Structures are given as structure tokens and as C-alpha cells.
Amino acid sequence: MNVETFKYDNRIVRAFAIATVIWGIVGMSVGMLAAVELFFPGANLNVQFITFGRIRPLHTNAVIFAFVGNGMFMGIYYSLQRLCKARMFSDFISWFHFWGWQSIIVAAAITLPLGYTTSKEYAELEWPIKIAIAVVWVAFTVNLLGTILKRREKHMYVAIWFYIATALTVAVLHVTNSMTMPAGWFKSYSMYAGVQDALVQWWYGHNAVAFFLTTPYLGLMYYFLPKAANRPIFSYRLSIIHFWALIFIYIWAGPHHLLYTALPDWAQSLGMVFSLMLIAPSWGGMLNGLLTLRGAWDKVRQDPVLKFMVVAVTAYGMATLEGPVLAIKSVNSLSHYTDWTIAHAHSGALGWNGFLTFSMLYYLFPRLYKTELWSIRLANWHFWTGLLGIVFYVVPIYIAGVTEGLMWKQFNKDGFLQYPNFLETIVQVVPMFELRAVGGTLYIAGVLMMAYNLYRTAKAGEFEPETEAQAAPLERTPILLHGELSWHRMLEGKPVLFTVLAVVAILIGGIVEVVPMYLVKENVPTITSVTPYSPLELLGRDIYIREGCLGCHSQMIRPFRSETERYGEYSKAGEFVYDHPFLWGSERKGPDLAREGGKYPAAWHYNHMDDPRSTSPGSIMPRYSWLLTQNLEMDGLPWRLCAMRRVGVPYPAGYENGPAQADVKAQATEIVTDLKEGGINADPDKEIIALIAYLQRLGVDIKSAPEEDTAKY
Amino acid sequence: MSVIIILILASLTVGLLFVGAFIWSVRSGQYEDTVTPAMRMLAEDPAQTICKPKSKDKPT
């Protein structure tokens with residue numbers, strides 16, 4: 001039998017491992033700052049770049065795509081080579097992937113604080129970066145599939161299946177949700193509007209959780225857990241069922257993020273049913289992981305790697321039970337918009353993703369550096385500190401979430417809202433926010449211990465850049481020979497770069513060209529009194545997006561009496577037909593703003609933005625005093641109006657060349673006059689004027705509609 | 001709600017890709033043995049695996 005000798009690439013694994021640790025610390029620290037700002041609004045030092053609305057997306061992007069992303073690549077590059085008995089397909093692509101991904105992260109860390117955001121959760125990065133993500137992701141996919149094609153082990157272990165599903169699905173999700181119309185270099189408007197945009201976004205958003213945070217990590221669990229325990233997986237058969245059932249069901253569950261919103265009922269029910277079905281495969285996977293350890297619990301007591309894994313898999317089980325429960329409409333009516341969602345997300349993220357990443361790092365560093373872990377004691381300290389950190393994070397936030405939900409819905413015995421002032425409900429949970437920061441501090445302290453431990457381990461050992469291995473080449477059956485070898489030849493015969501570029505071209509073509517105009521022909525019932533935003537309102541809306549207001553304020557009143565009493569008429573699908581992107585939000589740290597227009601005079605908004613605590617004592621909203629001094633940027637207006645027209649908003653032809661600017665001036669003057677009545681002398685060309693224009697417009701269209709018109713929708 | 005068509009198409013594309021992968025995996029014998037793969041991945045030294053008997057013909 002002829003045996004081939006080859007080398008596994010450990011350098012790329014180490015690179016991703018170091019990136020994982022660094023970005024983990026950065027991402028979690030930004031989260032810490034965001035957490036502190038929620039009970040101490042002055043923590044941003046009145047600097048716009050680190051205000052909550054801008055660093056919240058920075059935190060989510062950093063921990064998901066930088067920390068977990070690099071962790072995923074680290075684990076895949078290590079395990080895939082060993083499972084396939086082959087070096088990675090191309091060293092060039094490996095390093096292109098690595099540096100490409102790090103550049104995207106750096107670009108995110110620069111653009112998000114500057115306020116360049118699409119506002120779509122976990123997809124905030126603006127269009128040039130979105131294209132870069134597509135390119136790098138395709139490179140990763142080519143590298144993954146190429147390695148699988150040249151594998152020496154005929155059987156593809158279950159972990160590989162999870163990796164393939166991840167690569168393919170993330171590509172489809174990213175492209176579909178990234179359909180935007182550029183309106184300048186770092187500004188774009190979603191192709192989809194209102195309800196449609198919401199549906200696409202949460203179809204993407206949920207599957208980002210499913211196929212970025214879950215499936216790759218399940219694959220990693222199926223590799224690293226048996227390896228660390230040195231026992232085969234409890235049931236290989238179950239793992240096969242787990243895989244296929246999970247990926248088939250997951251992709252449909254997205255609409256559970258939009259329960260009781262203006263999304264059509266049938267879509268909501270569909271999302272809820274599929275979410276409930278997800279319990280079965282998820283728990284199958286969790287039990288498969290935990291049962292692998294049966295008879296090996298003595299090892300768990302000694303080995304920190306296994307300790308972290310046990311908590312990770314348990315957290316996965318808890319989160320995947322809780323998720324479907326939250327997707328039940330009646331539970332969701334209480335939990336939606338509250339901190340319950342945050343607690344759910346963090347029990348999954350800190351427990352499942354965080355702890356599994358730590359276990360992989362503790363597993364890999366001694367092996368990459370051919371030595372023992374520097375200190376098992378310190379790793380145990382990390383374990384307990386991290387675990388306490390999770391408890392101190394999620395328990396207060398669960399309490400906060402349920403408290404908010406109950407207080408928002410509470411009526412007194414006369415039938416009035418018990419807590420008509422939204423602020424009361426937030427002041428109530430501020431102590432919980434403070435406790436959460438304690439949990440976060442503990443968790444980060446644990447990560448720092450790990451970083452030091454890994455550093456000392458690396459110091460003590462000697463890095464092995466390549467591991468030599470031997471295996472027989474793949475025996476091919478005659479049928480496979482034809483199909484696979486031809487692929488193989490094509491990929492090897494032509495320059496690798498060609499393959500990458502070809503697929504990239506297809507993807508970019510998709511983003512730029514395959515966006516058919518029929519996409520935006522609205523089928524949502526139009527309400528005649530709903531008209532496009534005036535240019536000044538549009539600019540104000542862009543400021544609202546830039547500042548990340550939607551991180552704390554929803555614009556979607558659900559059809560419950562507790563909401564209509566508090567905020568006004570519930571939101572209708574037809575009200576959002578010109579909303580590119582939709583701004584429904586998913587969180588209420590402040591009141592809903594869907595019917596904010598006309599509730600307060602312009603002067604109130606002016607003072608409130610300058611210092612929220614001057615109008616609302618106890619408010620946790622940050623100051624936005626820079627809006628009072630910064631001039632409204634008017635140069636981009638024609639671009640923005642044109643882009644809006646292209647996605648289907650009926651601004652008349654030529655409107656952007658003169659008439660729009662005149663309208664801006666006229667409306668700004670009106671607002672300045674309003675402000676003067678409130679005793680404020682303001683400049684008409686400041687940003688605050690545009691924001692006030694937008695806020696005063698919110699939800700007013702439907703009020704001017706004739707009675708019988710609104711009754712229809 | 002025309003966008004639901006895009007989403008269904010995108011979801012079905014992914015779904016069909018997976019059905020195809022599933023059919024391929026069953027046909028090519030990926031699941032004919034559900035015991036050894038779980039053991040084999042534990043072997044750190046690749047030299048061990050080549051000693052495992054590998055049937056020359058397609059297993060029946």
C-alpha cells in the first residue's frame with residue numbers, strides 16, 4: 001500500500017487562535033462599556049463615538065464575528081485537516097482568509113463608532129465591507145471544500161457536515177440580506193421596505209445565530225469533545241439525525257423575532273411552529289455530547305478542557321429549550337422588547353460559544369506548543385470565575401426582563417396603566433443593570449487569566465509549525481472516480497485564484513444586478529395618507545440610524561391594550577412602505593416611538609436631546625449635545641434621494657436638484673419658529689433640527705387618514 | 001409580502017443543496033458504518049488508520 005506523507009498547517013491555526021483571544025478581550029470590553037452606560041449614562045464622557053447606540057453594534061459584531069468567528073476558523077482549520085488527513089487546500093487562501101477577516105473586523109471597529117451603519121442587527125456594516133465579507137467568505141468556502149475534495153479519508157466525519165452547512169448557508173444569508181442601494185461610499189438603503197425588510201432581516205438574524213453561532217460550534221463539539229474525553233461520541237447515528245434535522249428546520253424559524261408585529265399572522269405562526277420543532281434536534285445534540293462523557297466524569301473533575309465543555313453543552317441545551325419557549329406567541333407577548341431576550345442571548349453566547357471557545361484554546365495551545373498547559377490551577381480559576389460571571393450576568397437580567405414585561409402590562413383596578421410613565425419601569429431595573437456589570441467583570445477577568453495562561457504555555461513550549469502525518473491516498477470507486485477526479489483536476493489544473501475570483505464575481509453580480517425592481521413593488525396594503533418622508537425628515541432619520549437610536553427604542557406598537565394605551569394606535573403594515581430600512585427595533589430601554597410625532601413640542605425634544613435628565617429625571621438615555629452644534633450634512637442629499645427613488649420611493653424626477661433643498665430650508669425654518677415659541681434660539685442648519693423633524697413625523701400619517709380608510713387595514 | 005418568495009427561494013436553494021448532499025452522502029456509503037468513524041477520529045497517529053481493513057469493493 002502506498003502511503004503519502006504530508007504536513008498539517010499549524011501556523012494558520014495559531015494565527016486564528018491568537019486573534020480569537022485578542023478580539024474576545026476587545027469585544028467583551030466594549031460590551032462592558034455598553035453595560036456601564038446603561039446605568040451610568042455619563043460613562044461615554046459625552047463622546048459621540050463611544051455612545052451606547054454606536055458601540056452596541058460594535059460589541060455584537062466584535063463578539064460574534066471577531067471572537068466566535070476567529071474561534072470557529074481556528075477549530076475548523078485544526079480539525080478539518082486532521083479529519084480529512086490532508087493539509088488545507090491552499091496556504092495562500094488560508095492566509096488571504098485570515099488577513100481578510102481581520103481587516104474586516106478592523107474596518108468594523110472604525111466605521112461603527114463613526115456611525116456608518118445600515119441599522120440591521122448583526123448586519124450593520126456598510127456595503128463596501130459587506131462585499132469584502134462576501135469575498136472572504138467565499139475564499140473560506142473554497143478552502144474548506146477544496147480540502148474536503150483532496151481528503152485521504154473517504155468517510156466524512158459528522159463535524160465536516162456541520163462545517164459545510166455553515167459555509168453554504170452563511171453565504172446565502174449574507175447575500176440575501178445585503179441587498180442595499182448605495183447612496184454614497186458609506187451609506188446605503190435597504191432594497192426592501194418595512195414589513196419585507198423586517199422579515200428578511202430576521203430570517204437572516206435568526207440564521208446568523210443558527211449557522212454562525214450554532215452549526216459550526218456543534219461541528220467543533222463533535223470533534224473536540226470526543227478528543228478531549230478520548231471516547232467516541234455517544235451515538236454516531238444520533239449525530240447524523242441531529243445534523244440533518246437541525247439544518248432543515250432552523251432556516252424557517254426567523255419570524256419568531258416578529259411575533260405580534262405587523263408581519264402577517266401566517267408567517268408568525270410558521271416561525272413559531274418551526275421554532276418549537278427545533279427542541280428535538282437541539283436536545284438530541286446536547287444529549288449526544290453529554291452522554292459521551294458517561295463513565296468519564298472522573299476526567300471532567302480533573303481536566304479543565306472538559307469542564308468548560310460540560311458547561312458549554314449544558315448552556316446549549318438550556319438556550320435551545322428557552323429559545324422555542326420564547327417563540328411561543330403568548331410567552332413572547334411578555335418577553336419581547338424586554339431584557340429577557342438579552343439574558344437568553346447571553347446565556348447562549350457566554351455559556352455555549354464562550355466556554356466552548358475557551359475549551360478549544362486550552363486543548364489546542366499545549367498541542368500546538370508541544371507542552372503541558374502552564375497552570376491547571378489558573379484554568380480552574382478561570383472556569384469558576386467565568387461560571388460565576390455567567391450567573392451574575394444572566395440572573396439579574398432575567399429578573400430585569402420579567403420585571404419590565406410585567407410592569408409594562410400592569411393595569412390598576414380602575415383600568416388604567418399602573419405605570420403610565422415608561423421611566424418608572426426602567427428605574428426599577430437599573431440595579432439589575434449594575435449587577436450585570438459585576439457578572440461581566442468576572443467573565444472578562446476569567447478571559448484575562450486564560451490569556452496569561454496561554455501566553456505562559458506558549459513561552460514554555462516550542463511551537464510546531466507543521467505536524468507531519470501519513471495516510472494512504474483515497475481509494476476511489478469507479479463511479480466516484482469520474483465525478484470527483486474531474487473536479488479535482490479542474491481545481492488543481494487552474495490557478496486557485498481563478499476559482500476564488502469566479503465565485504466572487506457571481507456573488508457581487510448577485511448583489512449589484514440580481515436585485516430586480518419587482519422586489520420592491522409593494523404588496524403590503526398601502527394607506528393613502530402615508531407619504532414619503534420629506535428630505536429633512538429623511539436626513540433626520542439617517543441621524544436616528546447613525547446614532548443607533550433603535551438599539552433602545554422600538555417603532556412597532558403591538559396590538560395589546562397595554563401598548564395601545566401607552567403609545568397609541570397599534571402599528572399597521574402599510575405605515576412602513578417607505579421605510580428603507582425598517583426601524584422596528586428589538587429592544588425597549590426607552591419608550592416606543594412609533595407614534596412619537598406631535599406628542600411633545602419641538603422645544604421638549606431639543607432640551608431632551610441636549611440633556612435627557614433635564615426633562616426626564618432618572619432617564620438612562622445618553623446626552624446627544626453634539627446634535628445641537630454639528631451642521632447638517634446636505635451634500636449627500638441628492639444621492640440619498642436618488643437611491644431612495646431607485647428602491648421605489650416616489651420622489652418626483654429632478655426633486656433632488658433644488659426643490660428638495662428648498663423644502664429642507666422651509667421645514668427647518670418652521671421648526672426653528674416652533675423652538676422660538678418654546679424659548680429656544682436655534683440655528684436652522686444644525687442636525688438637531690432634522691432629527692426633530694423626523695421625530696415629529698413618526699406615526700402621524702395615519703392620524704390624518706379618514707376613519708373608514710384606517711379601519712380597512 | 002412579495003419578499004417571502006425570495007426568502008422561500010433562498011431557503012429552498014439551501015434546502016435542496018442539503019437534500020442533494022444528503023442523497024450523495026447516503027449513496028456514497030457515508031452512513032453504512034456508524035461505529036468505526038466515531039472511533040477512527042480518536043486515533044491521533046494517522047498511521048494507525050491505514051491498518052484498519054479497508055474493503056476493496058464497495059461494501060454491500
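**Exercises on a two-chain predicted model**

Chain A is divided into domain 1 (10-504) and domain 2 (535-711), with bounds from an automatic or database domain assignment. This is a predicted model, in which local features need pLDDT of at least 70, side-chain atom pairs count only at pLDDT 80 or more, and totals for chains, interfaces and linings use all residues. Residues are numbered from 1 along each chain as its sequence is written, while chains are lettered from A and ligands numbered from 1 in the order in which they are written.

**Exercise 1.** State how many residues each domain of chain A gives to the contact between them.

*Solution.* Begin with the separation: the C-alpha centres of domain 1 and domain 2 of chain A lie 34 Å apart. Next, count the contact (C-beta atoms, placed from the backbone, within 7 Å): 48 residues come from domain 1 of chain A and 49 residues from domain 2 of chain A. Finally, sort the domain 1 side of chain A by class: 24 nonpolar, 16 polar and eight charged residues. Here Ala, Val, Leu, Ile, Met, Phe, Trp, Tyr, Cys and Pro count as nonpolar, Asp, Glu, Lys and Arg as charged, and the others, Gly among them, as polar.

**Exercise 2.** Describe the elements and burial of chain B.

*Solution.* First, list the elements, which are DSSP runs numbered from the N terminus (helices: H or I, at least four residues; strands: E, at least two). Chain B has three helices and zero strands, in the order α-α-α from the N terminus on. Then consider burial (20 or more other C-beta atoms, placed from the backbone, within 10 Å of a residue's own): buried residues form 20% of the 60 residues in chain B.

Methods:
Buried ≥ 20, exposed ≤ 12 C-beta atoms within 10 Å, placed from the backbone. Contact = placed C-beta atoms within 7 Å.
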